[in-house]
Amino acid sequence: MRRRQLRRRRSQRRSRPVRRFPPTSPMRSDHTGPEFDVAIVGAGAAGLAASAVLRAAGRRCILIEAGDRIGGRAHTLHPALLGGACFDTGATWLHAAERNPLVALARRRGIALEPAFRGGRRLLVAGRTASDAEQAAYESSRAAWEALVTARAGGPDCTLSEAGSARAGDPWTASIENWDGAIIAAADAGELSLHDWHRNVLDDDNLSPPDGVGTLLETLLGPLAGPARLATPVRGIAWGGTGCVLRCDGACLTARAVIVTVSTGVLRSGHIAFEPELPPDILDAIDGLPMGLLSKLALPAAAPVGAIEDDTLVERQVPERGDPGMLVSVRPHGLGYVAGFFGGRHAWSLADRPEAALAEARAILREADSDAEPGAGGLVTGWGTDPLFGGAYAYCRPGRAGSRAALSRPLCDGRLSFAGEACRADGLAGTVGGAMLDGERAAQAVLRCIIGLHSVPSLAALG
Ligand SMILES: Cc1cc2nc3c(=O)[nH]c(=O)nc-3n(C[C@H](O)[C@H](O)[C@H](O)COP(=O)(O)OP(=O)(O)OC[C@H]3O[C@@H](n4cnc5c(N)ncnc54)[C@H](O)[C@@H]3O)c2cc1C
C-alpha cells in the first residue's frame, strides 16, 4: 500500500514537462563538431563522480538522468508516516570508510559521521530469545564457516554455498549464508561466485551519516557534478564512429565520448539500444552480473518498541539453508521507526506483496517481545520492480568473476565506457563508494584517451 504510494509519487514526477533537446540528426556517429566532450548517462553516484571530475578538467559535459532526481540508488526520504525521520530507501551505510571517497569528502567539509552497527543484537531461536550458549555457538560457527570458505577461495570458483557445504549440517550455516548471501550480496549463497564474494568482503569500518546517505551524496557531490538533465531517458547510443550520438525521447545530442552508468538491470532490459550492438565480451559480462535484490521496509515507531532497546538488531535463526530470513533493526540511532532488511529470493518473492513483508517484520518483533507494538502501516522499497534499476545491486554468477573487469574495459578507444557499482573490481562492488571511484576511473580514462590530457583531476582533490 505505502510502497504503491511511493511508486506513484515517483512516476508522477517523472512525467512532468521537461525541456527537450532540439531535434537534430537521426542515429549517426560520423558527424563533426559534437555538442559535448562527454555525455554521462545516469546521475547516481558514478555519474555524479564522473561529471565532477570532467567539470574539474574544464570539459563540456552533460549529465542525463531518466528519473526526476539525482542520487540513483542513494536516496533519502523523510516520510510523514515515520514522523519525518530520515529513511534511506537504498544505500544506508558508508562501507570501507578509509577507502570511501564520500567519507573523505564529508571529512573535508567537517561533517560528522557516526559509527554504524553500534547497538546490541538479539538472536531468536524457534520463537524465543537465544540463550548465551546458543549465541556463542552462532559466533563460533561463523568463525569456522569464514575459515572454510576463505580457504576454498584459493581454489577453483564455485558457489558460496558449495564452498561452505562441509558445514551443511551445522545448525547456524543457514543463518550465516542468509546474512552473507541474501542480505549483504542481495542474492542467495547458491547463486554467488565464491571468488567475487571473497573479493568484495567489506570488513573495514562502516559509518552512518546522520542525515542519510542520499542527502550526503546529493549535497556534497551534486554541486561539483553540476546540473543534471532530469526526466530524460536515453533510448539509444550510436558509438561506432568518431563521435557518439545519444537518442533521448524525441531528440538527439552528440558527444565525443559517452560514459554509461546505468545498472546491469537496465543494460539487460534492452531499454537502451546500442548501435552497433555491444561486443560479445561485454554482453557476456553483463550476463555474468545480474541484479540481486535487497529490500528495505520501515514500520513507524515514535516511542520505544516494547522493552527492546533502541538500536537493537533482531535476527531469527534460519532453519534450513535457502530458507527466507529477515533482519529487523529497532529504532536505529533512535530514529522513529523499525527498519527491516530482506534479500535474494525472499525479496523477489515479496516484491509484489509489501503487506506480507510488513507482517513478517511485525511477527519478528513480537517474538522478541510480546509487547512490541509499532505504529500502523509501513513502507516497503520497490527497487526490483522499478525499470530504472531492476534490482538493488549486481551480484556475480559462479565462474564469471572476471565480469566486473570486463565490463569496465572501454570500447572504441574510449568513446564508449561503462561505469558504476557493477564494474568495480577492487573489492568495493555494490557500494556507493565503489560506484563513485568507478565514475572517477571512467572520467579519467576519457580525459586521457579522448581528450589527450596527461594530468587529470581526481575526486580526492575536489571539494
Ligand atoms: C536497498 C539497498 C541498500 C543498499 N545499501 C548500501 C549500503 O548500505 N552501502 C553502500 O555503499 N551501498 C548500498 N547499496 C548500493 C548502492 O546504493 C549502489 O551500489 C550505488 O548507489 C550505485 O550507484 P551507480 O551510480 O552505480 O548506479 P545508480 O545509482 O543506479 O545510478 C544510475 C542512474 O541511471 C539512471 N538511469 C537508468 N536508466 C536510464 C536511462 N535510460 N537514461 C538515463 N538515465 C538512466 C537511474 O535512474 C540512476 O539514477 C544499496 C542499494 C540498495 C538498493
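Select the ligand and its surroundings: 42 residues form the shell, with Gly42, Gly44, Gly72, Gly420 and Thr431 the closest. A residue belongs to this shell if its C-beta atom, placed from the backbone, lies within 6 Å of the molecule. The model is predicted; local features require pLDDT of at least 70 and side-chain atom pairs pLDDT 80 or more, whereas totals for chains, interfaces and linings use all residues. Residue numbers start from 1 along each chain as its sequence is written.

Next, colour the shell by element. Helix H2 (45-56), strand S15 (294-300) and helix H14 (432-451) each contribute two or more of its residues; helices (H or I, at least four residues) and strands (E, at least two) are DSSP runs numbered from the N terminus. By class, the shell holds 22 nonpolar, 16 polar and 4 charged residues. Here Ala, Val, Leu, Ile, Met, Phe, Trp, Tyr, Cys and Pro count as nonpolar, Asp, Glu, Lys and Arg as charged, and the others, Gly among them, as polar.

Across the boundary, 21 residues of domain 1 are in contact with 23 of domain 2, contact being C-beta atoms, placed from the backbone, within 7 Å. On the domain 1 side, H8 (213-225), H9 and H14 each supply at least two residues, and H8 gives the most, with 3. That side comprises 9 nonpolar, 9 polar and 3 charged residues.

Proceed to the largest nonpolar core, which has 139 residues; Ala39, Cys244, Leu246, Val258 and Val338 have the most contacts inside it. Such a core is a set of buried Ala, Val, Leu, Ile, Met, Phe, Trp, Tyr and Cys residues joined through C-beta atoms within 7 Å. H14 gives the most to this core, with 9 residues. Centre on Ala39: beyond four places in sequence, its contacts are Ile62, Ile64, Cys244, Leu246, Leu253, Ala255 and Val258.

Finally, select Val262, in the loop between strand S12 (251-260) and helix H9 (264-269). Val262 counts as buried because it has 27 C-beta neighbours inside 10 Å, the threshold being 20 or more other C-beta atoms within 10 Å of its own, with 12 or fewer for exposed and partly exposed in between. Excluding residues up to four places away in sequence, Val262 touches Val41, Gly42, Leu267 and Ile272.

Key:
Contact = placed C-beta atoms within 7 Å.
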